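Dear colleague,

After it come my notes on what was found.

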Amino acid sequence: MAKTDTQGSAALEKRGLTDDQLRAMFRNMLQQRQLDNRGFQLNRQGKVPFALGSEGHEAIQAGAAMAFERGKDILAPYYRDLGLSLGVGLTPYEILLSLFARAADHNGGRQFPNHYSSKKAGVMSFSSILAAHIPHAVGAAHAIKMRKEAGRAVLVTCGDGTTSEGEWHESMNFASIHELPIVMLVENNEWAISTPLHLQMGQPEIWKRAEGYGMPGRRFNGFDPIETYANVKEALDRARSGGGPTLLEGTCYRFLAHSTDDNDMTYRTREEVVEHRKDDPVPRFERVLIDNGLMTIAEVDAMKKEILKETNEATDRAEAMPYPEAADLYKHVYEGAWQPWQ
Amino acid sequence: MAVMNNVEAVRATLYDAMKADDRTLILGEDVGARGNVFLISKDFINEFGPDRVIDTPIAEASIVGIAVGMAMEGLRPIAEIQFADFIYPAFNQIVGEAAKTRYRSNGEYTCPLVIRTPYGGGVRGALSHSVSIEALFYHVPGLKIVAPSFPADVKGLLNAAIDDPDPVLFLEHKKTYRLIKGEVPEGHYTIPLGKADVKKAGTQLTVVSYGLYVHWALDAANQLESEGHSVEVIDLRSIRPMDKTTILESVRKTRKLLIIHEDNKFGGIGAEISAMVAEEALFDLDAPIRRLCAPDVPAMGYAEPLEHEYMSSPALMADAMREMVKF
Amino acid sequence: MTSTTKAPALTDEQLVAMLRVMIAQRTLENRGFALNRQGKIPFASASEGHEAVQAGAAMAFKRGSDILCPYYRDLGLALGVGLTPYEVMLSLFARAADHSAGRQFPHHYASKKLGIHTISSIIAAQLPHAVGAAYAIKIRKQTGRAVLATFGDGCTSEGEWHESLNFAAVHRLPIVFLCENNEWAISTPLSKQMGQPDVAKRAAGYGMPGVIVDGMDPVACYEAVAEALERARTGGGPTLVEAKCYRFLSHTTDDDDRTYRTREEVEAHRKNDPVPCFERTLVVRGILTEASLDALKQSVLKEANEATDAAEAMPYADPATLTDNVYADGHEPWR
């Protein structure tokens, strides 16, 4: 699959997207990068203990989010899905509440950052345990099918590393047997912390496993938000209309270390990262929009300023909020009393 | 004698083991090129090669399972689970397979396997990077479990674990990795599994603990000493097998027992110790046995007040000790 | 893909030896069921329908060097790699002289000497062990050795199946994964077990060759497994072989397959019963006569009877040995 032409000389293939939608995807990408960087900054300033990087994933997440139907679909993300979470309706404020572990956070400050959930937005709660969320996503898809809810589907995401987990396999298998309304989107960024693809799997194209499950499989350029949108939309539409599951593999790259606790120079070269930076989806899509007359440089600039302002406001607002109280520790163990001896 | 912290103690011991015996190998996530997320096996892959320092796919059940197969065929694998919180998919391989290999084959097949994993909180690790798991596993015959937290103990028990012909779960408290330093004897030595250590002698109260908390218990005991009280602190070090002799000897001397552990109270290690002491030394006690443990909630939260409420502290431990001494 | 060496053609003696293993498997399996119905043993596992794949695979196995990681339906395979009917009956009767001293469920044979790994009843749990054993072979640079790991169709749904194939492929390990696809996992038909019916089609996703073979044809099974094992032994990495067979009986003596499938379906598959089919093949080719075939059956039956009587007469393990072999050094948790 050829990468999308970003020279802008040919007519832009919009794949059914309106100009507003294209701009909205770009905004999502900028917002993801801004908030991602903000997390790292706050960590370096000693204000938050931890943050995860998602640079390189902006296009695949904005594209997927654009195909997601708010109020209907369910998202079962993993901890690198900052942009996807924003794209399905979470706000920068909610993101910062999570980073700062405040009481007003969806999880009451209990979860690691980037483990957002929101019943309202349809974002399922998940842990840091890779692949543990995928059977949950399959169960949610099964509920949709059992209730005969046409027009709804589950979008579940994970990285390349997660596809080695037994639960990834068990989930794909079950979804295929029951032709469930679910799309598995693998964000293949080539690294699982320090494990490169060739140590993770015996052949590098994850989409090729689809045939073994009896479902369609596709691979596409995850640095291209439009390409991503088209693929995810096709798969979600198939799921929503009773056509069963799809395995999608979007290729991208993880530009930063795994998290603020990782040092990627211990296991890969700066040259490799710099080489991949040439494909950075954020400046690329910016050029696409400008070259195709969808935004002017001034408008891009204004958008960036607005996002920065939004981020700053969200940061200040979240930071000012109180932590949970000690007594909050004991809530929600069970519906009833928390004590084991009764 | 060298002074080192617990990361260095684990690292040095593993290095020596890899050098001494080429049946030994390390497998786990990020152990090779990255050298483990705490840098325990940094550069090992350059010296010992990728055959013996294996960066595995993300697949905990098979990290342990493959290690079981290697052990059954005479290699000496040291499997690493990156954080104890990730161990649950491997539960069957540990409990149903490794622990039962010798028993079900009546000795024909054995499983000389070490599974190392960092556990414990106090590092803002939240739900998936803070858990204590020993209570889930110490119940299982056929499995051994150790949790040393002084560098000299770490080296001696890790050597013993590697030599042990049966599967050993080696628990490393992550907060003690860089926090706790101590003198470590040179050369190869082992500390037998099933032997606790009296870290501070005393006469009025026996405190049994392990992991990070044994250090805090010692701080608390020293505080009580300055107030004129004498508290004995026993570092369990070994959870299965567990040292009955040392515990009973101490309890018969002090006549009071306080068990302190980081794990949840209900069904934790303290429960077994309490039952054993009640069965064997009831009339040697002048006060009810007491356990100071985590509340019975699923996890310590990420937010600081939540973690703080879940965990104990030297001050809280000192309070408990004071109450018991005065009982 | 890698080049494949054609398996050496089987001699007449070897063909007859395969048939003998097949007949012995059926005889001992039926013996287990009979003993259970007589109230003499609590439990036995079925394997009718698997005789061809197991005898064929066993013929490709190199005794004294290959390692077998079987599952609990591999009666014929175990016999074929050297386990005796007596050892099988000791397991069924759970006697002290059994390899596990009667601790294990029947059919969970292990023999260090023959290279048969100890297994549990947990489906797929043995596959990572098989992979670890293959890794040991590789790291010791022992060319000419391989691991044969077997399992049913149901096993392929397990996460540990996936993780095992993945790891073996990453490291190009000397292992053959042999699926004895008999279409049923207790009461779960293939259509409820997988999204498409060919296990071997998953091989490409892992980056290893996948082969489908007629599991009712012992010679075809031998050839497929022999090629795969030779590839493994010579550094060519793993293979996934799928032998399509059928489970004629219920899962075990505790199952009743009438509750979930029709007699018509079973009868239709009986037409392909590998044992009478291979008997006829050898007679038609003149390798056996009716008389020599009969003699073979009588010999197997006699062996089975002797093994049954000998095993039944053996004592159970002394209860005092309950605490043996918990650890190398005693069993007490409190020291």
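**Notes on chain B**

Chain B has 13 helices and 14 strands, where helices (H or I, at least four residues) and strands (E, at least two) are DSSP runs numbered from the N terminus. Please bear in mind that this is a predicted model, in which local features need pLDDT of at least 70 and side-chain atom pairs count only at pLDDT 80 or more, while totals for chains, interfaces and linings use all residues. Residues are numbered from 1 along each chain as its sequence is written, and chains are lettered from A and ligands numbered from 1 in the order in which they are written.

As for overall form, a compact globule of 327 residues would have a radius of gyration near 20 Å, and chain B agrees with this at 20 Å; the radius is taken over C-alpha atoms, and the globule rule is 2.2 Å times the number of residues to the power 0.38. The C-alpha trace of chain B spans about 60 × 45 × 40 Å along its principal axes. Of the 327 residues of chain B, 64% count as buried, a residue being buried if 20 or more other C-beta atoms, placed from the backbone, lie within 10 Å of its own.

The domain assignment, which is automatic or from a database, divides chain B into domain 1 (2–184) and domain 2 (197–326). Their C-alpha centres lie 26 Å apart, and 25 residues of domain 1 of chain B are in contact with 22 residues of domain 2 of chain B, contact meaning that the C-beta atoms of two residues, placed from the backbone, lie within 7 Å. On the domain 1 side, β6(B) gives the largest share, with 3 residues.

One open sheet of chain B has 7 strands with mixed pairing, in the order β3-β2-β4-β5-β7-β6-β12; two strands pair if DSSP finds at least two bridges between them. Because β3 (53–55) and β12 (238–240) of chain B stand at the edges with a single partner strand each, one side of each is left without a neighbour in the sheet. Strand β2 (residues 24–28) of chain B runs parallel to β3(B), joined by 3 bridges, and B:Gly28 stands opposite B:Asp55 in β3(B). Helix α1 (residues 6–20) of chain B packs on this sheet, touching β2, β4 (76–80) and β7 (168–173) of chain B, with its direction at about 130° to that of β2(B); axes are lines fitted to C-alpha atoms, for helices over the stretch in contact, and angles run from 0 to 180 degrees between N-to-C directions.

Another open sheet of chain B has 5 strands, again with mixed pairing, in the order β9-β11-β10-β13-β14. Strand β13 (residues 257–264) of chain B pairs with β14(B) in the parallel sense over 4 bridges, and B:Leu258 has B:Arg290 as its bridge partner in β14(B). Helix α9 (residues 212–226) of chain B packs on the sheet and touches β9, β10 (205–209), β11 (231–235) and β13 of chain B, its direction making about 170° with that of β11(B).

Finally, the contact between the chains takes 31 residues from chain B and 36 residues from chain A. Helix α12 (residues 304–310) of chain B gives the most to the chain B side, with 6 residues.

With best wishes

Note on methods. Buried ≥ 20, exposed ≤ 12 C-beta atoms within 10 Å, placed from the backbone.
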